[in-house]
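Have a go at each task before you read its solution.

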Amino acid sequence: MSTLHTVNKSPFATGSLASCLAHCKDGDAVLMIEDGVYGGLSGTAVADLVQQKTGSVAIYVLSADSEARGLAAEKLLQGIKGVDYDGFVDLVADHDRTQSWL
Amino acid sequence: MSEIKKFLYVNRKAPYGTIYALESLEVVLIGAAFEQDVSLAFLDDGVFQLTKGQSTDGIGIKNFSPTYRALGDYEVTKLYVEQESLDERGLTLDDLQAVVYEDEDDDWEEKPSIRVVNRAEMADLMADQDVVLSF
């Protein structure tokens, strides 16, 4: 029984990503979409928080959103995977529930 | 009758700056007609929705805080409030309005609807749902 969490706000604008990471369980997945993809960047104030979770939680960015914002793959934190829209659908189908962190 | 599902409404926004809190409350009231197993979660700025003493006369917006006290009549009786979110905002349970329901299984005794839980318990609650609706 696992949850897919989506985060669509920049971690520098709201506490949504931090709250999501504080409430998700081992084995869950977090998908960063829209401005949420900035949470996947390395070298930021939240990078450590995100990196700490990559061992127990699968973390993804929606590639269309990260590419739209010019985030090169090598600028993303180690262990974060890019997914396309089909991959997004698969993630939804593979988890028991989806929780949006608005 | 179809299977009863566990629904959690997650409230993370303060009440008047955006429409989320009011929209959540309206969806909860509408959803109550479907007789599901409903819980509400209040965390982050969502805890501000339940504070006492709201008075919106000066901002021209309806004060919907009394409506939380009517939820018991719709058999919505589980309002989970996160302790850490209260602490971060300098709030205690005393700063929140009393919300109660009458327990039909216990001679209609009046009982508190607000249940304060810690962050780990909130995470468990979220993981235990069939459907999570976020506001």
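**Exercise 1. A pair of strands and their sheet**

Task: Find how strand β3 (residues 79-82) of chain B pairs with β6(B), then work out where β6(B) sits in the sheet.

Solution: Keep in mind that this is a predicted model.

Step 1. β3(B) and β6(B) run in the parallel sense and are joined by four bridges. For one example, look at Tyr80(B): its bridge partner in β6(B) is Arg115(B).

Step 2. Now zoom out to the whole sheet. Five strands of chain B make an open sheet, ordered β6-β3-β2-β1-β7, with parallel pairing.

Step 3. Check the ends of that order. β6 (114-117) and β7 (131-134) of chain B each have a single partner strand, so they are the edges, and one side of each has no neighbour in the sheet. Going from one strand to the next, the twist averages 25°.

**Exercise 2. Helices on the sheet**

Solution: 

Step 1. α1 of chain B packs on the sheet and touches β1 (6-11), β2 (37-42) and β7. Its direction makes about 165° with that of β1(B).

Step 2. α3 of chain B also packs on the sheet, touching β1, β2, β3, β6 and β7. Here the angle is about 140°, taken against the direction of β3(B).

**Exercise 3. Buried or exposed?**

Task: Decide whether His5(A) is buried or exposed, and do likewise for Ala45(A).

Solution: 

Step 1. Start with His5(A), in strand β1 (residues 3-7) of chain A. Count its C-beta neighbours inside 10 Å: there are 28. Buried takes 20 or more, so His5(A) is buried.

Step 2. See what is around His5(A). Beyond its neighbours within four places in sequence, its contacts include Cys20(A), Val30(A) and Trp101(A).

Step 3. Turn to Ala45(A), in the loop between β2 (29-32) and α2 (47-53) of chain A. It has 8 C-beta neighbours inside 10 Å. Exposed means 12 or fewer, so Ala45(A) is exposed.

**Exercise 4. Where the chains meet**

Task: How many residues of chain A are in contact with chain B, and which element of chain A supplies the largest share?

Solution: 

Step 1. Twelve residues of chain A contact 13 residues of chain B.

Step 2. On chain A's side, α1 (16-23) and β5 (97-101) each give at least two residues. β5(A) has the largest share, with four residues.

Step 3. Sort that side by type: four residues are nonpolar, six polar and two charged.

Note on methods
Residues numbered from 1 in each chain as written. Chains lettered and ligands numbered in written order. Predicted model: local features only at pLDDT ≥ 70, side-chain atom pairs only at ≥ 80, totals over all residues. Contact = placed C-beta atoms within 7 Å. Nonpolar A, V, L, I, M, F, W, Y, C, P; charged D, E, K, R; others polar. Pairing = 2+ DSSP bridges. Axes fitted to C-alpha atoms, helices over the stretch in contact; angles between N-to-C directions.
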